[in-house]
Amino acid sequence: MTRFLRLVGRDLRLALRQGSDASIAVMFFVLCVVLFPFGVGPEPNILARIAAGVIWVAALLASLLSLERLFQNDYEDGSLELLSLSTLPMEAVVLAKTLAHWLVTGVPLIVAAPLLAVLLNMNAEGFGILVLTLLVGTPILSLIGSIGAALTLGARRGGVLLSLLILPLYIPVLIFGAGAIDAALNGLTPRPHLLLLGGLLAGALPLAPWASAAALRQAVE
Amino acid sequence: MPVFAGTELTCLRGDRLVFTGLDFRIEPGEALVLLGPNGSGKSSLLRVMAGLLKPLRGQLSWDDIAVTEDPDGHRSRIHYVGHLDAVKPVLSAVENLAFWANLGGAADPRTSARAALDRLGVPHIANVPGRYLSAGQKRRLNLARVLAAPATLWLLDEPTVALDRAAIALFEEIIAEHRAGGGMVAVSTHVDIAMPGARDLHLDDFTPIPHDADEDVDEDMEGEHAA
């Protein structure tokens, strides 16, 4: 367990010292959302109507942006080889790196989301549920993304390939994430959406590290 | 007394047989030197020994027990030093090393990391970020890894690349000490590393097809680096 936390700590330290990855994801997220009022016009009702979907789609794209680097650096400098030779199981390595990735890129999105919701004139009743869906949803994005990042390791133009592989898998998360917010805004209960989102997280938590670990073992061979 | 041995090993990379029918045996205190021209499979054999690469046929055993039956146990008793130095540019030398020492099970990673840097003659780089280290310093930092956490079997792939003569002499002493303490070493090298009583293993003896063109061999080496 301490080794697991050590790896999380090392990845956090690397991310914070390099700085760019974490801030790029959140800046991309903000810019992406800010573009919409320019595109669809400043009509408050329209913006309020599309706010939930826009924020969720922007969150998907922002999380995708930094995923390519999840294993890339460790793969290129030989660290991944050594990690696979350590007594820490590969699944734990994946989980630790994904957790660090989520803390660095996912959490800032959750913090920034309510501000963007204000910008898009979302009804204040939806704010709590927006944060809640992102809190459950963004870890799923990181987990599913880790599979793509592991599979495209060493491939040329891995980033594009990663998007093509992963974006379709993000669709359920998007549907239930945005659906929960819409339900809450229309006076319905968001509970079923949230439960399904929770189910996706419960499924991704054991399955994604297992699949990523298998792909990584192939990559280091 | 533990014995690390391989029997009838066959290694396939891509669609090329690298070596076949290879046997080796390392006993405590022994060193095995892998010799052979580029592309003869020295790196591949070390990767097979480490468990990074699965042999097509044959098996590795530790104390007559197949390594595949206890992969975790095998990982905890080896140190593998490959071509890549695994140095993070934004972490200082001692931070880089302490992380691996911790993962390798050192009781006090920071202290053992500093001690290992001392032993390799580079105590002054302890607080220097990885990006400012020279190729030789990075290599010393990578080699310091084998000292920072204990392990019985050292698998060293061209450990002397980028090292100066003084560092090579220092490293010879370190290997001698490790062997005196009952440790085992398998090393591939083009440079002479003085290891009294080491056993030689000529990999070209196990190459199934004779090499005919030099370009062919070069391509194979590139393939190995990429892997």
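Author: In chain A, the axes of helix H2 (residues 20–40) and H6(A) come within 9 Å and cross at roughly 25°. Axes are lines fitted to C-alpha atoms, for helices over the stretch in contact, and angles run from 0 to 180 degrees between N-to-C directions. Helices (H or I, at least four residues) and strands (E, at least two) are DSSP runs, numbered from the N terminus.

Reader: What does that angle make H2(A) relative to H6(A)?

Author: The angle makes H2(A) roughly parallel to H6(A). Angles under 35 degrees count as roughly parallel, over 145 as roughly antiparallel, 65 to 115 as roughly perpendicular and the rest as oblique.

Reader: Where do these numbers come from, a record or a prediction?

Author: This is a predicted model, in which local features need pLDDT of at least 70, side-chain atom pairs count only at pLDDT 80 or more, and totals for chains, interfaces and linings use all residues. Residues are numbered from 1 along each chain as its sequence is written, while chains are lettered from A and ligands numbered from 1 in the order in which they are written.

Reader: Back to the pair, then. Which residues in H2(A) and H6(A) meet?

Author: On H2(A), they include Phe29(A), Val30(A) and Val33(A), and on H6(A) they include Pro108(A), Leu109(A) and Leu116(A). Two residues are in contact if their C-beta atoms, placed from the backbone, lie within 7 Å. By class, this contact has 13 nonpolar, one polar and one charged residues. Ala, Val, Leu, Ile, Met, Phe, Trp, Tyr, Cys and Pro count as nonpolar, Asp, Glu, Lys and Arg as charged, and the others, Gly among them, as polar.

Reader: At what angle do H3(A) and H6(A) pack?

Author: Helix H3 (residues 44–67) of chain A packs against helix H6 (residues 90–119) of chain A at an angle of about 155°, and their axes are 11 Å apart. That makes H3(A) roughly antiparallel to H6(A). Among the residues that meet are Ala51(A), Ile55(A) and Ala59(A) in H3(A), and Thr105(A), Gly106(A) and Leu109(A) in H6(A). The contact has eight nonpolar, four polar and no charged residues.

Reader: And how far apart are the axes of H6(A) and H9(A)?

Author: The axes of H6(A) and helix H9 (residues 191–220) of chain A are 8 Å apart, with a packing angle of about 110°. H6(A) is therefore roughly perpendicular to H9(A). Met90(A), Glu91(A), Val94(A) and Leu95(A) of H6(A) make the contact with residues of H9(A) that include Trp210(A) and Arg217(A). By class, there are seven nonpolar, one polar and two charged residues.

Reader: A change of topic: how many residues of chain B are in contact with chain A?

Author: 20 residues of chain B are in contact with 18 residues of chain A. On the chain B side, H3(B) gives the most, with four residues. That side has 13 nonpolar, three polar and four charged residues.

Reader: How many helices and strands are in chain B?

Author: Chain B has seven helices and nine strands. Its radius of gyration is 17 Å, close to the 17 Å that the globule rule gives for 227 residues, so chain B is as compact as a globular protein of that length. The radius is taken over C-alpha atoms, and the rule is 2.2 Å times the number of residues to the power 0.38. The C-alpha trace of chain B spans about 50 × 40 × 30 Å along its principal axes.
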